[in-house]
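Colleague: Hi! Could you walk me through this one? I'd like to start with the pockets.

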Amino acid sequence: MKFTDGYWMVRKGYEIQNPEDVRDIVTNGASITAYAATRRIERKGDTLNGTLLKATYSSPMPNVIRVRLNHHKGLVKKGPEFDIRTLPTEVQISEQEEEVVLQSGKLSVRVGRGKGWNVGFYYDGKRMTGSGYRGPGYIKDPSEKAYFREQLELGVGEYVYGLGERFTPFVKNGQIVDIWNEDGGTSSEQAYKNVPFYLSSKGYGVFVNHPERVSYEIASENVSKVQFSVEGETLEYFIIGGKDPKEVLDNYTKLTGKPALPPAWTFGLWLTTSFTTDYDEATVNHFVDGMAERDLPLSVFHFDCFWMKEYQWCDFQWDKDMFPDPEGMLRRLKEKGLKICAWINPYIAEKSILFDEGMENGYLVKRADGSVWQWDMWQAGMGLVDFTNPDAVAWYQGKLAALIDQGVDCFKTDFGERIPTDVVYYDGSDPYKMHNYYTHLYNKAVFELLEQKLGKNEAALFARSATAGGQQFPIHWGGDCSSTYESMAESLRGGLSLGLSGFGFWSHDISGFENTATPDVYKRWVQFGLLSSHSRLHGSSSYRVPWLFDEEAVDVVRVFTKLKCSLMPYLYSSAVESSVRGLPMMRAMLLEFPDDPTTHALDRQYMFGDSLLVAPIFNAEGSAQYYLPEGRWTNLLTGEVVEGGRWRTENHSFMTLPLLVKPNGLIAIGREDSRPDYDYADGVQLHLFELEDGASAESVVSSTAGEVELTVSVKREGGKLSIVSEGAGKPWSVVLRGISGLSGIDGGSSEQGTQGVVITPADPNGSVTVTL
């Protein structure tokens, strides 16, 4: 939201008051509060009839500084509020002649005394950003509505990322972003998942602690500043430090919540009925059996909206005309080794048998006059479940519990964006703040029920909408994309942005949701989709089974589904890291290579975990152009070794794409390629790639419960490799990729494999020394 007219002028009808004169700084051992007049004070009389703005600096945990700016603090405070976690924190406050400093870990804020406004944020002594002349502002618009804004410095060459799942350009500089959840597809500036957190390429983050609309001007209204503003008398934000972008995300998710670890079975291939297609049990079996007959590993079958009867969403009752024996059908599908997902949303149509029950018990959101809020968008006469009412939450969960008892394993929690603001909530929440926050309560209710019924690390959603903190309830997918290369690219931009907003797990509709892809788009999107955190074949008005595209599509789905299953020892350990550190599995290149400026704007490639680079192909010609950081990289599929520190252009068939292992990579590959959930440590092979002299590599293999079972490390000194394991209770081996012979081996045996020498330790718990 813009308040100025160019650099010098204020928009007509607006009044902006900025802190001009710091009159006092008060410390209490845990915080600093600066009191600033909005005009220069030359004599005592100047203190009358004026505004005094307050800025309080404190720390909820090490390396995080809370900033609270306020004008009048006496207003009634209404929720909801983000759930902010705190940790024991020792802060150091030093008062000097020119400034007062608060230090938390390696992060500090320096508040200048006297005339002018000068606040700087430093990490390990280096200035990250700051707020200076005309930075903070208390604003009145022509109708006397109040706003608070902040402007933080943006350095030369500094990029801004994140702010949720945004499909606009990956680098947010120059953009206007409003944090306001909307159902806008993937081809507009609107977003399903709005998160008021941005990450800077300089290595810090900023989280605005407001669930309502936050309006950003990112190098737009003032091209050397990031401006954010909210309506009201108060503005609160956090500066989040770290030694690198990974540590910043770790600290941010300590503050707002870590992603839960999804069950291992969710990483396999999902197939759906699609949205408006005709289907019954026979159709479902035709698809499921067709996948099995073609040796296409399938892990999850999803029933989209029309598992319930039209006009009755949601009544959580199977359409008896299409599914006369739902319990038997689900049992038969599960006997084929499948997990089951069912579509839901938080709306109750008037024709649903649940509407009267919800209305009579006060479980639906109301209007100011006490009537139920309803409209005809999406479902005729639909109401909205009031998740601020604990009884309504229990009622809604009870309906889902019955489905779990039938055999449903997870839910696709669709919608949650079109939330009205002219309503009244059970707990008195501010409806303006609830617009974005509603989806958090919705997904939380469903996720917690799944955990309660199925156990910890067995709960999974497939959620479309979210806000800050929503990363705790994975998995999320990218919404309604189109069946084009352009939409495939915009989907990736959205996923990378969401990953830099604290979300660990993300998916998208393979080959696009709207319309039907051409065979080439389908096959290229399959490659991308099966090299994503989670992989789902889904569409709107047509089915997505591969044989409806062409026979080669069947082969592509088979090859890449089996590849993903075989990579699960590596991928699930990456998932565990995501749940512990708050890092995305699909990582923007800058996250792994922050010191390489060429990576800072890359949005058509990504790291899958910390060691695999994926560059999807976005054209019918099979041409890939991508950048490799320094070092010798190896294509996992072809074995080709290429030098980094440069751009590459390649052509690929539908069976290959740029999938490269970084230098000194040690990738755990399992012996199973037909399912994602198996004993990863049993018979695992650790593939070693281009280990440099003096370098070391390590690979951790976890169980499907997320517990470390095996750690293997390899160190090279000259022509010798030292291989050491920890925790080994099952057989494992190391494959020296691209090496065809050895001079000697001690502590194990070797044999020549198709991809290199295979080293097997004599004792799984022992060490091996190899002479090249």
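Modeller: Happy to. This is a predicted model. In its largest pocket, 26 residues form the lining, and Lys77, His210, Glu212, Thr234 and Lys433 are the ones nearest the centre.

Colleague: Which elements give two or more residues to that lining?

Modeller: Strand 7 (64-70), strand 22 (234-240) and helix 6 (431-454) do.

Colleague: And what volume does the largest pocket have?

Modeller: About 710 Å³.

Colleague: How does the lining of the largest pocket split by class?

Modeller: There are 13 charged residues, along with seven nonpolar and six polar ones.

Colleague: How much space lies in the second largest pocket?

Modeller: About 460 Å³. That second largest pocket has 19 lining residues, with Glu577, Asp610, Glu698, Ser699 and Val700 nearest the centre. Helix 10 (568-581), strand 41 (665-669) and strand 43 (696-702) are the elements that each give two or more residues to the lining.

Colleague: What is Ser696 in contact with, leaving aside neighbours within four places in sequence?

Modeller: Asn664, Leu691, Val714 and Lys715.

Colleague: Nice link. Now the sheets: what order do the strands take in the nine-strand one?

Modeller: The order is 11-4-5-6-7-22-19-18-16, in an open sheet with antiparallel pairing. Strand 11 (114-115) and strand 16 (160-164) are its edge strands, each pairing on one side only.

Colleague: How many bridges join strand 4 and strand 11?

Modeller: Two, with strand 4 (residues 21-27) running antiparallel to strand 11. In that pairing, Val22 faces Gly114 of strand 11.

Colleague: What packs on that sheet?

Modeller: Helix 1 (residues 245-256) does, touching strand 6 (52-61), strand 7, strand 18 (194-200), strand 19 (205-208) and strand 22. The direction of helix 1 makes about 150 degrees with that of strand 18. Strand 7 and strand 22 are also among the elements lining the largest pocket.

Colleague: And the open sheet of six strands, what is its order?

Modeller: That one runs 3-14-15-21-20-17, with antiparallel pairing. Strand 3 (15-17) and strand 17 (176-178) each have a single partner strand, so one side of each has no neighbour in the sheet. On average, neighbouring strands of this sheet are turned by 20 degrees against each other, direction ignored.

Colleague: How does strand 3 pair with strand 14?

Modeller: In the antiparallel sense, over three bridges, with strand 14 covering residues 137-140. Gln17 stands opposite Tyr138 of strand 14.

Colleague: Switching to helices, at what angle do helix 9 and helix 10 cross?

Modeller: Roughly 60 degrees, and the axes of helix 9 (residues 551-566) and helix 10 come within 5 Å. Lys564, Cys565 and Ser566 make the contact from helix 9, while Met568, Pro569 and Leu571 make it from helix 10. Four of these contact residues are nonpolar, one is polar and one is charged.

Colleague: Last one: which residues of helix 3 are buried?

Modeller: In helix 3 (residues 326-335), those are Pro326, Gly328, Met329, Leu330 and Leu333. The buried residues of helix 3 pack against helix 2 (281-293), strand 24 (300-303), strand 25 (339-344) and helix 5 (390-406). Just after helix 3 comes Gly337, with a positive phi of about 90 degrees.

Note on methods:
Residues are numbered from 1 along each chain as its sequence is written. This is a predicted model: local features need pLDDT of at least 70, side-chain atom pairs count only at pLDDT 80 or more; totals for chains, interfaces and linings use all residues. Side-chain values use heavy atoms; hydrogens and water are left out. Two strands pair if DSSP finds at least two bridges between them. Helices (H or I, at least four residues) and strands (E, at least two) are DSSP runs, numbered from the N terminus. Axes are lines fitted to C-alpha atoms, for helices over the stretch in contact, and angles run from 0 to 180 degrees between N-to-C directions. On a 1 Å grid over the protein atoms alone, a cavity is a set of points where a 1.4 Å probe fits but cannot get out, and a pocket is an open set with protein on both sides within 12 Å along at least five of seven lines; lining residues have an atom within 4 Å of a point. Grid points are joined across faces, edges and corners, and a volume is the space filled by probe spheres set on the points. Ala, Val, Leu, Ile, Met, Phe, Trp, Tyr, Cys and Pro count as nonpolar, Asp, Glu, Lys and Arg as charged, and the others, Gly among them, as polar. Contact means heavy atoms within 4.5 Å. Buried means under 20% relative accessible area, exposed over 50%, partly exposed in between (1.4 Å probe, protein chains only).
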